[in-house]
Amino acid sequence: MPNPIVYIGGVHGVGKSTLLQEISARLGNQGVHIISASNLVSELAMSTAGKPMEILLPHELMGIRTFAIKQIILASQTKKVVLDSHYVDIDMEGQVKIIV
């Protein structure tokens with residue numbers, strides 16, 4: 001069973017990354033994995049589609065976002081995950097959906 005994923009969200013420039021750097025520095029190596037959803041999607045866009053996410057077609061970007069979510073959930077199998085993302089949504093079943 002995956003560990004809970006702690007979500008830190010907000011619009012660009014509010015200090016999410018700064019806060020997470022501080023948390024990371026305080027926790028040290030205690031099995032916490034901090035993931036930037038935007039960075040992960042950008043890296044996956046380049047490694048899987050060979051182009052920046054800004055020029056992907058909507059269906060390409062959706063596929064990469066879905067793959068990114070699976071990577072985040074996979075990471076939570078072995079570590080506590082703190083997710084830095086711009087947006088999150090909850091569906092009708094109460095399941096979290098990440099929107100990068």
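Predicted model: local features only at pLDDT ≥ 70, side-chain atom pairs only at ≥ 80, totals over all residues.
## A first look at the salt bridges, helices and sheet

Glu-60 is partly exposed, with a relative accessible area of 22%.

Glu-60 has a charged partner: its side chain meets that of Lys-51 in a salt bridge, with 3.3 Å from N to O. Lys-51 is itself partly exposed, at 25% relative accessibility. How many salt bridges does a search of the whole structure find? The search finds two. The other one joins Arg-26 to Glu-22, and here the closest N and O atoms are 2.7 Å apart. Both of these residues belong to helix H1, which covers residues 16-27. They sit four residues apart, or about one turn of the helix.

Glu-22, at 40%, counts as partly exposed.

| Residue | Relative accessible area | Class |
|---|---|---|
| Glu-22 | 40% | partly exposed |
| Lys-51 | 25% | partly exposed |
| Glu-60 | 22% | partly exposed |

Now let us turn to a pair of helices. Two packed helices are described by the angle between their axes and the distance between the axes. Helix H2 (residues 37-49) packs against helix H3 (residues 58-75) at about 120 degrees, and their axes are 9 Å apart. Their crossing is right-handed. On the H2 side, the contact is made by Leu-40, Val-41, Leu-44, Ala-45, Thr-48 and Ala-49. These meet residues of H3, among them Leu-61, Ile-64, Arg-65 and Phe-67. What kinds of residues make up the contact of H2 with H3? Ten are nonpolar, two are polar and one is charged.

The strands come next. Three of them form an open sheet in the order S1-S3-S2, and the pairing is parallel. Strand S1 (5-9) and strand S2 (32-36) are the edge strands, each pairing on one side only. From one strand to the next, the twist averages 20 degrees. Strand S3 (residues 80-85) pairs with S2 in the parallel sense over five bridges. Within this pairing, Ile-35 has Leu-83 in S3 as its bridge partner.

Which strands does H2 touch where it packs on the sheet? H2 touches S2 and S3, and its direction makes about 70 degrees with that of S2.

Definitions and conventions
Residues numbered from 1 in each chain as written. Heavy atoms only, no water. Salt bridge = Lys/Arg side-chain N within 4 Å of Asp/Glu carboxyl O. Helix = DSSP H or I, 4+ residues; strand = E, 2+ residues; numbered from the N terminus. Buried < 20%, exposed > 50% of the residue type's maximum accessible area, 1.4 Å probe, protein only. Axes fitted to C-alpha atoms, helices over the stretch in contact; angles between N-to-C directions. Left-handed = near helix turned anticlockwise from the far one by under 90°. Contact = heavy atoms within 4.5 Å. Nonpolar A, V, L, I, M, F, W, Y, C, P; charged D, E, K, R; others polar. Pairing = 2+ DSSP bridges.
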